Amino acid sequence: SRPGEHRFSAVLHRIAEEMAARDDHGAPADYIPMLAGADPRRFGMAVAEPDGTVYGVGEWRQPFSAQSITKVFALALALSLDGERIWRGVGREPSGNPFNSLVQLEYENGIPRNPFINAGALVVTDRLQELTGDAAGQVRELLRRESGNPDIDFVPEVAASEAAHGDRNAALAHFMAAYGNVTHPVPDLLTAYFRQCSIEASCADLALSAGFLARHGVRADGSALLTRSQAKQVNAVMLTCGTYDAAGEFAYRVGLPGKSGVGGGIIAIVPGECTLCVWSPGLDRRGNSVAGVAALDRFTTLTGLSVF
Ligand code: GLN
């Protein structure tokens, strides 16, 4: 889009210029070869307005690996289909630990701290699998519907690569299974979880798909996915837990509910106003995109928008 064409176009162009001038871009995730090869200087950012208008800068239409961003959509589906029951198996407290950490599970009886660390997301995918028979397919369908992009899909090579390096996620799932907090056979659950993580989508797709969180639960077609109260709850958990052990710093700098993924994407919600998605594959040591967090920090600083 051209500068000035939309509400935040000028701000987006300014941010893209600032990000291009940075010399610290972090390093791409290196735990699977499919992500390790990415150029950390790549950058895209999109804004979706509640009416479905979407625009952006840089590589805002470039599909990338959504990874943990899908955890938001899985949670929304589980809440929408089964309400409060999900909270029997997963908490709502920030963990203060890395996204793939095992340490808290033992003294918390196999109940993960929150749905946005891997252990908690495995529980959500397990329940969604129970409810629908195809957790990953349901997440893909939600993204396709809300974005209007029927090409959003799994990347089988990414899922296979995750599986080949999946000992840690397998350990999390087995450990929770020992407490009865995972109902499916662990290999089946991991297959669903890795497929869900492997979904590729662009900043435009993900900003549009998260629109229901800015519209207080209302989907693109006007129907309700979540109640107003549930949308608030998902946003609250994103604010406190969406960027793992950096959630405090993210709230401090950005001031919005956000969810990151190791593919370098971050979605952020300005309730009632718009949704944002930024992508840049270079990560910090917590697994959050360096330029992504910086760009969102600049967005809320320049516009004055935040939940505070
Ligand atoms: N697929 C990744 C994993 O399970 C997702 C983690 C993330 O994006 N933080 O390790």
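The following legends describe close-up views of a predicted model.

Residues are numbered from 1 along each chain as its sequence is written. Because the model is predicted, local features need pLDDT of at least 70 and side-chain atom pairs count only at pLDDT 80 or more, whereas totals for chains, interfaces and linings use all residues.

**View 1. The open sheet of 5 strands, in the order β2-β1-β7-β6-β5.** The pairing in this sheet is antiparallel; two strands pair if DSSP finds at least two bridges between them. Strands (E, at least two residues) and helices (H or I, at least four) are DSSP runs, numbered from the N terminus. Strands β2 (54-58) and β5 (258-260) stand at the edges with a single partner strand each, so one side of each has no neighbour in the sheet. From one strand to the next, the twist averages 10°. Helix α14 (residues 290-303) packs on the sheet and touches β1, β5, β6 (265-270) and β7 (274-279). The direction of α14 makes about 145° with that of β7; axes are lines fitted to C-alpha atoms, for helices over the stretch in contact, and angles run from 0 to 180 degrees between N-to-C directions.

**View 2. Strand pairing around β1 and β7.** Strand β1 (residues 44-48) pairs with β2 in the antiparallel sense over 5 bridges, and β1 also pairs with β7 over 5 bridges. Ala46 has Gly56 as its bridge partner in β2 and Cys277 as its bridge partner in β7. Strands β6 and β7 pair in the antiparallel sense over 6 bridges, with Cys274 of β7 as the bridge partner of Val270. The hairpin formed by β6 and β7 has 3 residues between the strands, and Gly272 in the turn has a positive phi of about 80°.

**View 3. The buried strand β7 and its residue Thr275.** In β7, 6 of 6 residues are buried; a residue is buried if 20 or more other C-beta atoms lie within 10 Å of its own, exposed if 12 or fewer, and partly exposed in between, with C-beta atoms placed from the backbone. Cys274, Leu276 and Val278 are buried on one side of the strand, and Thr275, Cys277 and Trp279 on the other. Thr275 counts as buried because it has 27 C-beta neighbours inside 10 Å. Not counting residues up to four places away in sequence, Thr275 touches several residues, among them Ala48, Ala207, Ile267 and Ile269; two residues are in contact if their C-beta atoms, placed from the backbone, lie within 7 Å. Thr275 and Phe212 are 63 residues apart in sequence, with a C-alpha to C-alpha distance of 9.1 Å.

**View 4. The residues around the ligand, including Ser68, Asn118, Glu162 and Val262.** The shell consists of Gln67, Ser68, Phe99, Asn100, Asn118, Glu162, Asn169, Cys197, Gly261, Val262 and Gly287; a residue is near a molecule if its C-beta atom, placed from the backbone, lies within 6 Å of it. The shell divides into 3 nonpolar, 7 polar and 1 charged residues; Ala, Val, Leu, Ile, Met, Phe, Trp, Tyr, Cys and Pro count as nonpolar, Asp, Glu, Lys and Arg as charged, and the others, Gly among them, as polar. Val262 lies in the loop between β5 and β6 and is buried, with 23 other C-beta atoms within 10 Å. Contacts of Val262, not counting residues up to four places away in sequence, include Gln67, Ser68 and Gly287.
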